[in-house]
Amino acid sequence: MRQGSFQWMKSMNKSLILNKIRTQGPISRAQIARETNLTRPTVSSNVKELIDQNIVEESDIGQSQGGRKPTMLIINDGAFCILGVDAGPDSVKCVVTDLSGKVSERSEARLPLPVDSEKFLDALKSCIQECLLKTAGKDVIGIGVAMHGVVDIETGVLLFAPNLGLTDIPVKEELENTFGLEVKVENDARAMALGEFWFGEHGELESMLAVNIGRGVGAGLIIGGKLYHGSSDIAGEIGHMTIDLHGQVCECGNRGCLQTFAAGPAISRKIFEKTAESLTSEQVFERALDGDASCHEVLTEAGRAMGVGLTNLIHIVNPEKIILGGGVSKAHQFLLPAIRETIATASLTRSASQTKVETTKLGDDATLIGAVTLLLVDVFELT
């Protein structure tokens, strides 16, 4: 057990109570005390502080259990707002949400490609400023940034963004100095995984893998309700998992990486090799919907490759559920059957072969909601 001060214990109790209200509200003080094993005076004093801070509010009177009707507690979702940013590789998008993840404002800025660090930061700040101007009169908790590339989460430095050709950008420092707000920076796929875990309506899960398939392939892994980063912050770079030693050269310099089979540019390359037509992955999807056999086949092949990669991950981390997001995942009616068939055929055990694979319900906002969740974790989870 962590050794700490009385102040830390008070903070822990408050977080425990706050998260109980978030996940089970409307809930009474008495029920919180019963389910957390905290004393009623402890619950009452902490709830009073939370109400004074405007984070919690009292709602309609609850049902009587034989005595006085209890007063129910809920999160005051609209009292605060958070900015979530999805940065790169083509644009910067920003949203304003309340504590429930409900989006109220949006802005977007296209990145001037090719982009250098100064132009990238200018686009990032401009997009955030546009949203901040729409939050007048509201308390802003902070800014969550989901970044394409490898991120040092402790310092908030973008270490390497391969599709942008950027390295060593102090995103957190620059934004905190500019806006005077707390900033959290995370890899985009890992942020998406966190948002899925909180808002994806997946029920009680101990482990989950969320995969973002777009211009590249990245993933975030939730274990025990927490994001797993690895020893050097590159956990989840599954797009660079080798599945063919003699395959296409990837942008990382290795051969046969998963994203050379399943990412958007790979799908475009495959259809060109098959038909000599230059199509985007979105156009391939549209033609497949219209019955084009070649486009259907290319998407099915991409699904099989994803199935191989996901089977490898099932054998390594054995997640309860796998969620697919990103632009390419919109072709799920062609990808999912091939993915599921491959997993069912190649998995070592029957239970592993039945691992659930679904597409996100958060749509195009999955990464943005994930960026917002980076701040919500600080608000609600135990310190």
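Two strands are taken as paired where DSSP finds at least two bridges between them. In this predicted model, strand 5 (residues 91–97) and strand 6 (residues 103–110) run antiparallel and are joined by 7 bridges. They form a hairpin with 5 residues between them. Glycine 101, in the turn, has a positive phi of about 85°. Lysine 93 stands opposite glutamate 108 of strand 6.

Arginine 106 forms a salt bridge with aspartate 365, with the closest N and O atoms 2.6 Å apart. Arginine 106 lies in strand 6 and aspartate 365 in the loop between strand 16 and helix 13 (366–380), so the pair ties together parts 259 residues apart in sequence. Arginine 106 is partly exposed, at 45% relative accessible area. Aspartate 365 counts as buried, at 17%.

The count of salt bridges comes to 17. One of them joins glutamate 35 and lysine 20 (3.0 Å, N to O). This pair links helix 2 (residues 29–36), which holds glutamate 35, to helix 1 (residues 6–24), which holds lysine 20. Glutamate 35 is partly exposed, with a relative accessible area of 39%, whereas lysine 20 is buried at 17%. Arginine 190 and glutamate 186 meet at 2.9 Å, N to O, and both are buried. Glu182, Lys184 and Asp378 are linked in a salt-bridge network.

Helix 11 (residues 332–346) has 15 residues and reaches 20 Å between its first and last C-alpha, close to the expected 21 Å. Its buried residues include Phe334, Leu335, Ile339 and Ile343. Among the elements covering them are helix 10 (293–317), strand 15 (321–325) and helix 12 (350–353).

Key. Residues are numbered from 1 along each chain as its sequence is written. This is a predicted model: local features need pLDDT of at least 70, side-chain atom pairs count only at pLDDT 80 or more; totals for chains, interfaces and linings use all residues. Side-chain values use heavy atoms; hydrogens and water are left out. Helices (H or I, at least four residues) and strands (E, at least two) are DSSP runs, numbered from the N terminus. The expected span of a helix is 1.5 Å times one less than its number of residues. Buried means under 20% relative accessible area, exposed over 50%, partly exposed in between (1.4 Å probe, protein chains only). Contact means heavy atoms within 4.5 Å. A salt bridge is a side-chain nitrogen of Lys or Arg within 4 Å of a carboxyl oxygen of Asp or Glu.
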